[in-house]
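Me: I have a model open and want to learn how to read its features one by one. Can we go through it together?

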Amino acid sequence: MCGIVGIVAKSNVNQTLFDSLTVLQHRGQDAAGMVTCQGGRFHLRKDNGLVNEVFRTRHMRRLIGNMGIGHVRYPTAGSASAAEAQPFYVNSPYGIALAHNGNLTNAKELADDIFRTDLRHINTNSDSEVLLNVFAHELQQLGKLQPSAEDIFTAVTQVHKRCSGGYAVVGMITGYGIVAFRDPNGIRPVVYGKRETEQGTEYMVASESVALDISGYSLVRDLDPGEAIYITQDGEVHTRQCAEKTALHPCLFEFVYLARPDSIIDGISVYKARLLQGELLAKKILRERPEHDIDVVIPIPETSRTAAMEMANVLGVKFREGFIKNRYIGRTFIMPGQQEREKTVRRKLNPIELEFKGKNVLLVDDSIVRGTTSRQIVEMAREMGAKKVYFASAAPAVRYPNVYGIDMPSVNELIAHNRTDEEVGELIGADWMVYQDLPDLVASTQGGEATIDLFDCSVFDGHYVTGDVDSDYLESIEAKRNDAAKQDLESNESDETNNMYHKL
C-alpha cells in the first residue's frame, strides 16, 4: 500500500505535489519522495518520514519544474531503509524516474533476468526498482533518440508481458512527459483528472480521487486495467490499452480500510460503500440476535466510523464516540514489531469512561488483522466499566496474506487463520464476535456507477486473481514478513548504518 501522484502543469508543481502527498499520507507513513523536472534536469528529494517531515522549505525551493511525480511509502516484505524511498531513477534511456504502488509477484525472477539478460544492476530489494529497470530496458530497446507516445506504449506493453502482480505506476521521462499505467487486473487503483487555468489545461494522475479534489482538479476517470496514459510536457494526452488480456478485479480491501472515505475508486464511492457495509452488518446482527441487548455502538477511529454510524441507525441504538484518537500516531497494523504495536494502541486511543460504564457496548472496527489492537481495546472498554463488550468487524475474517502490495503479516500471525469466529472472539476477550459476510461486503460496492463482478478478495478467501501464486511463493513471503524476520532485518540495517558512520 503506497500512494502515487504525477502532475503536468503550466507552473511549478512542487506545492501541488506536496498537498497531494499529504492527503495520500494514509497510504504510507514510512517514507516520502518527490522528483520534478525543469529544462531537462531532475530535482529529487526523498527520505524516511512523513510528508511534512521529509520536505522542508529548503527542499521545496530546489524542487522546481512544471512536471513531477511523488510517492508515499510503507514497506511490504523487505527493507524499510531510506535507500528504498521512492521515486527511483535511472539515467538511461533519457532519464526516467518512477514510483509504484503494489507488489510484483515475480520480482525475484525479474531481478535475475534483468541482471543476466538486460545487463542492468538492481541496487535495492525494492520491486519498484525492478519495475523501473524493466520499463527502461524495453524503452531503450526501441533505439529512438526522441520517444513518441507509440514508443512509450510499446514499452508498457512489454512491461505487462514480463511483470505479474498488482501495480499502479507513475513515471516521468526527462524533457518529455509523464506516463502512468495499471496492472491488467486493475488490482491497485489509479485515476486521472484535469483543471483549467489561464495558462492552459493541467493534468494529474493519482492513487485516489481525493488528491485531485484538494487541488481543484476534476476527475476524468479511472485508468482501465492494463491501460496507460502518457501526458507530454506540453499537455498533450494519449491513452492506450497495452495489455492483451484484461479484467477488472480491484482490491476489495481498498473499500474497507485503505482508501479515504471521500475518494471514488472505479466509479464506487468509498463512503457509500462503508455506509452499506454498516447497514448489511447490522441486518446480520438482527437476524442472528433479534433480541439483542446492545445499548450503544462505538466506532474504533477512524476508518470504521462511517459503517458504525449506519449500524447504530439500523439497530435503533445510540451512536457514541467512546475513544479519542491521537492523530499523530500512525496506523498500527502496518507498524513493525508486536511490542511496538501493543505500546502504540494505548498511546493512540483514550477511552471516555461515561460512554462505557454500566453499558452493553458494541465496538465496531473496519477489520481485524493480528488482533493486537482489538484485544487491547476490549480490555480498555472493560476497564471503563462496560457490562458486556461485543465486537463487530465491517470486513470478513482476514485469514490469508496479501501479495499485491499490502503488508499483511505472515499467515500464522493472522488471528483468524485456522480459527472460527467464536475462537477469535474468545482470544480478543469479547462476549460476542460478529464478522461481515463476504457476499455482503461485495454487495456494499454495488450500487454506484460501476458494477464489478469479481474483486481481489484474496485476504478473505485465499483466491489470487493473477493465477501465479502457489504454496512456494506464499512460503517465501512468510519467511520475509513474520515479525522475527523483520526485526532481524531492522537490526542488520541499523548495524550497517552504524558502520557507515564509523567509517565517516
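Reply: Start with burial. Buried means under 20% relative accessible area, exposed means over 50%, and partly exposed lies in between (1.4 Å probe, protein chains only). This is a predicted model: local features need pLDDT of at least 70, side-chain atom pairs count only at pLDDT 80 or more, and totals for chains, interfaces and linings use all residues. Residues are numbered from 1 along each chain as its sequence is written, and side-chain values use heavy atoms, with hydrogens and water left out.

Me: Is N418 buried or exposed?

Reply: N418 counts as exposed, because its relative accessibility is 68%. Its backbone also stands out: phi is positive, about 60°, although N418 is not a glycine.

Me: Where is N418 found?

Reply: First, the elements. Helices (H or I, at least four residues) and strands (E, at least two) are DSSP runs, numbered from the N terminus. N418 is in the loop between β21 (388-393) and α13 (421-428).

Me: What is the phi of D266?

Reply: Positive, about 50°, and D266 is not a glycine either. D266 sits in the loop between β14 (264-265) and β15 (268-269). D266 counts as buried because its relative accessibility is 7%.

Me: Which peptide bonds are cis?

Reply: Look at omega. The bond from Q86 to P87 is cis, with omega near 10°. P87 lies in the loop between β4 (67-73) and β5 (88-90). The bond from S92 to P93 is cis too, with omega near 0°. P93 belongs to the loop between β5 and β6 (96-104).

Me: How do I read cover along a helix?

Reply: In α1, seven of the ten residues are buried, so by the under-20% cut-off the helix is mostly covered. Among the seven are F18, L21 and V23. L21 is in α1 (residues 14-23), and L21 is buried because its relative accessible area is 0%.

Me: Next, the core. Which residues touch the most other members?

Reply: A nonpolar core is a set of buried Ala, Val, Leu, Ile, Met, Phe, Trp, Tyr and Cys residues joined through side-chain atoms within 4.5 Å. The largest one here has 35 residues, and F253 and F460 touch the most other members. The elements giving two or more residues to this core are α8 (253-258), α9 (270-288), α15 and α16. The largest share, five residues, comes from α8.

Me: Last, the surface. Which residues form the negative patch?

Reply: Patches are made of residues with over 30% relative accessible area and no salt bridge; like charges are joined within 9 Å, and nonpolar side chains (Val, Leu, Ile, Met, Phe, Trp, Tyr) within 5 Å. A salt bridge is a side-chain nitrogen of Lys or Arg within 4 Å of a carboxyl oxygen of Asp or Glu. Here E109, D468, D470, D472 and E475 form a negative surface patch. D468 lies in the loop between α15 (458-461) and α16 (471-481). D468 is partly exposed because its relative accessible area is 31%.

How values were computed
Areas by Shrake-Rupley, 256 points an atom, 1.4 Å probe, with all protein chains shown as cover. Lys, Arg positive; Asp, Glu negative; His and termini not counted. Charge placed at Lys NZ, Arg CZ, Asp CG, Glu CD.
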